[in-house]
Amino acid sequence: MEPPLDPRRPQGPSSEDTMSRTASSTPHPHAGHSVPPRPSTSASQLSSYSYSASRSVTSSSYPSKQRRHASTASGRKSRAASSVWGSDSHEIICAVSEARGVSPTVGLAFVNITTNEAVLSQICDSQFYVKTVHKIQMYEPSTILIVNTAFPPNPKSSLLSIIEEELPDTPIEPLNRKYWSENAGIEFIQSLAFREDMEAIKVAIEGNFYATCSFAAAIKYVELSCRVSIMSHSLRVRYQPSENTMMIDISTIHSLELIQNLQNAKSNDCLFGLLKETLTPMGARMLRSNILQPSCQIENTLVPRYDALDELTVKEDMFFEIRKALKGFVDVEKLLTTLVIVPNQTTIYTSEQAMNSILNVKAFITSVPSLYEALGAARTDLLTRIREICRPELTQPVADIIAATINDDVTAMKSALDMRNQRTYAVKSGVHGLLDVARQTYKEATEDVHQHVEDLNGDHEIAAELRFDQNRQYWLRLRYSDFEDRAIPDTLINKVRKGAWIECQTLILVQLNHRITDSSNEAIMLSDKVIQELADAVRVHVPNLFRVCESIALLDMVAAFGQCTTTRDYVRPEVGHALALKGARHPICERVNPDRFVPNDVFANEQHRFQIITGCNMSGKSTYIRMISLLQVMAQVGCFVPAQYAAFPMIQQLFVRMSTDDSIEANMSTFSLEMREMAFILRNISESSLTIIDELGRGTSTRDGLAIALAISEALIQSNSLVWFATHFQQLAKVLGSRPGVLNLHLATEMHDVDDGNIKMTMLYKINSGPVQEEHYGLNLARAIGFPDRFIEVADDVSKTLADNIEKKKQTSQSRKLLRRRKLILNLHDTLLQLQESDMDDAAIGSYLRRLQDEFVARMDEIERDGEAYKGPIKNDEDSSEVGT
């Protein structure tokens, strides 16, 4: 793949490069065809807008490669639940550019049209582009853009091939190479980013040529293909270094149930559901993003969050006031996005949306002072910074601008009818002479509706109830039981029965609906110019409002942590070089079974970095190792953890290999998926990784599974990462138990006989030192859960027979060794007798005896190892011939 155009390098002239970069000249291959205008560019419309193949901003008609199912680097299907921004209809454009080399550099830019933010990143990746694919998977874009020279008929780039393989359900579109320009990217940053952030962004992207080029391509695509115009200095742009967050691959996200429960997608029994005590949509999105990308910045991120959380849990009054104030906020991110994205056409719908946005901004501004007051007692650095951002000096100018135009008693409402009334009477009187006439008409028609319903009930002796919805406007509801003994009046039309009710209208009611709608629309259109001027005035302050919004989201997330901490007895973790937990509890299992869960201790450092966990079935091995990884994520998110004491190192990569599901879609068996995931882990593991392995190798034969588990364990030990390895291979614990850094642990189980001769098993769920000592625990567990006795007896006999055969083989082997030793000694005796009768001189005899001694010792060692018999002067124990002198 060719790198994007660098204006610092001389370029030859081309017809493509001389094209005008104005909005009127689109790079679409079918630019000559007329394109229907977008009906709206509000956040809700953008999210549901269906992009067809004709929207591509390309210079070729190369088709996007799409498959039916998505897979990841570890062989799993991709899910919307693993996205940083969530799956709630976000429109996200991702542009990817790369530089060739042994360690390729990849530039990424994500533009979220729904929330009006952009994230830039530049990654030094490997030839497998693991970090790049992971980053794209975390943001789950709607469309991926790659420079058109990476597509056929040119040689297809390896990056494009890997993205197609790992994200087959995401459309990939080629974009003309001329749009990947660093100068254009810098110009877009200067024109779109917040003025206050501009210099910091320039410093962050300095030297990150490919990230800047990707940003230019993404913005140009948004302008030309998505037909969205972003207001100047209203886009939230941030540069996100890849080294500041923990890398969690898609397989690990699913295995640990970080975002979604595997058995029930609607269940809250996952880490996100556990911590989601947030009260605002912005806080929930920030929590999701932090869980999927936990921070590795101790001083700048984690310590301030720990301090703030400490203060919130101590000052209960302040904590409850903050939670109360947070309940008054709507989705401010999407609200502000509707303000800064300007529609290309003015319609009734866009005017209504503009009015709604202004009213919602008013409600938002009104709620900020209460939060500022609630933070009055804050003393920690993070909380005081949030309070500073929410100070009245930042929001009062917007409140004054709105108050000068909008009536004081008008505010945002939830019901459709109330919202229409608020829009109609929003602008103060005196703006336009006809506005008051339209409002009077609206008022009279509304009164006529109520009078008509009263007359209808009186004339026909019915009890019709007046209802309203967005589509039908006013309509009537009557009980069906009232007409069991009489006919429904003919004046009622559009009758529909729904359960015990009849929904209908009258001709007069339909006419009044049209009259009310016309007068309301007229009032809105007469107010539109004032509203647009008001929106322009508010847009100047959007950067400050976005900062307030982000601060509220962060405060909401920390307050949610405080809610979890105070209700579930969590402790503040320390950050160090060892992982130490005392009385640690699995956060999700504890919530499901708060009285039955057994706490456990964990300790791992350089001397105990590879821990083998054995134990009976259902003894809690998987729960124990999952708990460790979940608590590590919680600590690096900034939350307290369920334990009596906790200390964690900073982990850069988290790998979990637990699931044993087949992938029918990918035509991969359990073992194939297992090996693919382990290959991914071994390729990317480092000293700063935390790895969880559960029952590796059980998907194939016992001998091959043990061999593979041993080989992979050796590689994991050499990686110097922290590893917890749960297994039923007891030989694995014996073979590796003496290796440096290896520690054997097991989950304890009590077994004792009962009256009927059966064995009762009691799972203690407690971690103990050493490998598991119980034998035949599989049979005992099957017997304990009520498996038929006749099958248990057969299995017991087979188990004893196999054990006897193994023991006989051992005994036979020992007898054979003894026989071979005896033969070797007899051969030595015969050789010495022959040597005694020989006529060799003393020097020759001494040399021969020394050689004979060495050969005898070597043969004895060979027999001890049960290897192949050594050939030498001493005759072989399998050969009766003597060695001559």
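The paragraphs that follow treat the sheet, a helix and the pocket in turn. This is a predicted model, in which local features need pLDDT of at least 70 and side-chain atom pairs count only at pLDDT 80 or more, while totals for chains, interfaces and linings use all residues. Residues are numbered from 1 along each chain as its sequence is written, and side-chain values use heavy atoms, with hydrogens and water left out.

Six strands form an open sheet with mixed pairing, in the order β5-β4-β1-β2-β3-β7. Strands are DSSP runs of E with at least two residues, helices runs of H or I with at least four, both numbered from the N terminus; two strands pair if DSSP finds at least two bridges between them. β5 (172–175) and β7 each have a single partner strand, so one side of each is left without a neighbour in the sheet. β7 pairs with β3 (residues 117–124) in the parallel sense over four bridges, and Y239 in β7 is the bridge partner of L120.

D569, with a positive phi near 60°, follows α19.

The largest pocket is lined by 38 residues, with R238, M286, R305, E550 and L554 nearest its centre. Elements giving two or more residues to this lining include β7 (236–239) and α19 (542–568). A pocket is an open set of points on a 1 Å grid over the protein atoms alone, where a 1.4 Å probe fits, with protein on both sides within 12 Å along at least five of seven lines; lining residues have an atom within 4 Å of a point.
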